[in-house]
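Biologist: I am new to this structure. Please take a close look at one part for me.

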Amino acid sequence: MKKFKLAALVTCIAALAVAAVYAADIMDPADTASTEITVNIEPEYVISIPSTLSIPSKSNARQKLDVTFAKGKLEAAANVRVYISKTTNNFKLKNGMSEIPYSIYNAASGGSQITGNGTVATFNSSTAVNTVSSIYAGVSNWNSALAGPHKDTIVFAINYTI
């Protein structure tokens, strides 16, 4: 029984010695470790463009169309460009063979005419939420138009760049 107690005591002392050495290796202040924590916040924004615009018959007044930037969360150097996705400058309201030419104007640039692929609005990371950029559509020559509804569709494109 004494041999068993002695063997058990020696085994315990040996185990404690190993545990002490092992603990000292882990707890050594000269050893350090680090963890990098990252998060990627995706850009978020909403561009609102009305689906219809009505121009009163025989009116020379330009009708306003607002492009709104909302819920803006962009990267620091990012730009959101809204432009007319059309390569020609021939904007025409049509009803069969009857055509009425019209123009698009940018309110922000002093009323300059916007042509095909022309920029309607540009927003960036410093743009306030709910910023409105206005454009206008106007008809200057009603004389050649026949009676009846005339329509055209403008397709807007959005480009996000960094």
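Which element supplies the largest share of the lining of the largest pocket?

Modeller: Strand E5 does, with three residues. Strands are DSSP runs of at least two residues, numbered from the N terminus. This is a predicted model: local features need pLDDT of at least 70, side-chain atom pairs need 80 or more, and totals for chains, interfaces and linings use all residues. Residues count from 1 along each chain as its sequence is written, and side-chain values use heavy atoms, without hydrogens or water.

Stay with the pocket. It holds about 610 Å³ of space, the volume filled by probe spheres on grid points joined across faces, edges and corners. A pocket is an open set of points on a 1 Å grid over protein atoms alone, where a 1.4 Å probe fits with protein on both sides within 12 Å along at least five of seven lines; lining residues have an atom within 4 Å of a point. The lining has 26 residues. Closest to the centre are Leu53, Ser54, Ile55, Leu93 and Asp152. E5 and E8 each give at least two residues to the lining.

Now turn to the core. The largest nonpolar core has 22 residues. Such a core joins buried Ala, Val, Leu, Ile, Met, Phe, Trp, Tyr and Cys through side-chain atoms within 4.5 Å. Ile47, Val67, Val82, Ile104, Val120 and Phe123 have the most contacts inside this core. E5 (98–106) and E8 (131–139) each give two or more residues to the core, and so do E2, E3 (79–84) and E7 (119–124).

Leaving aside neighbours within four places in sequence, Phe123 has contacts (heavy atoms within 4.5 Å) with residues including Ile47, Val67, Phe69 and Val82. Phe123 also belongs to one aromatic cluster with Tyr45, Phe69 and Tyr160.

The whole structure has four aromatic pairs. Rings pair with centres within 6.5 Å; planes under 30 degrees apart are stacked, over 60 edge-to-face, the rest tilted. Tyr45 and Phe69 are stacked, because their centres lie 6.5 Å apart and their planes meet at 20 degrees. Tyr45 is in E1 (residues 44–48) and Phe69 in E2 (residues 63–73), 24 residues apart. Phe69 is buried at 1% relative accessibility, whereas Tyr45 is partly exposed at 28%. Buried means under 20%, exposed over 50%, partly exposed in between, with a 1.4 Å probe and protein chains only.

Tyr45 also stacks with Tyr160, as their centres are 5.8 Å apart and their planes at 5 degrees. Tyr160 is in E9 (residues 156–161), 115 residues from Tyr45. At 24%, Tyr160 is partly exposed.

Methods
Phe/Tyr/Trp six-rings, centres within 6.5 Å; stacked < 30°, edge-to-face > 60°. Helix = DSSP H or I, 4+ residues; strand = E, 2+ residues; numbered from the N terminus.
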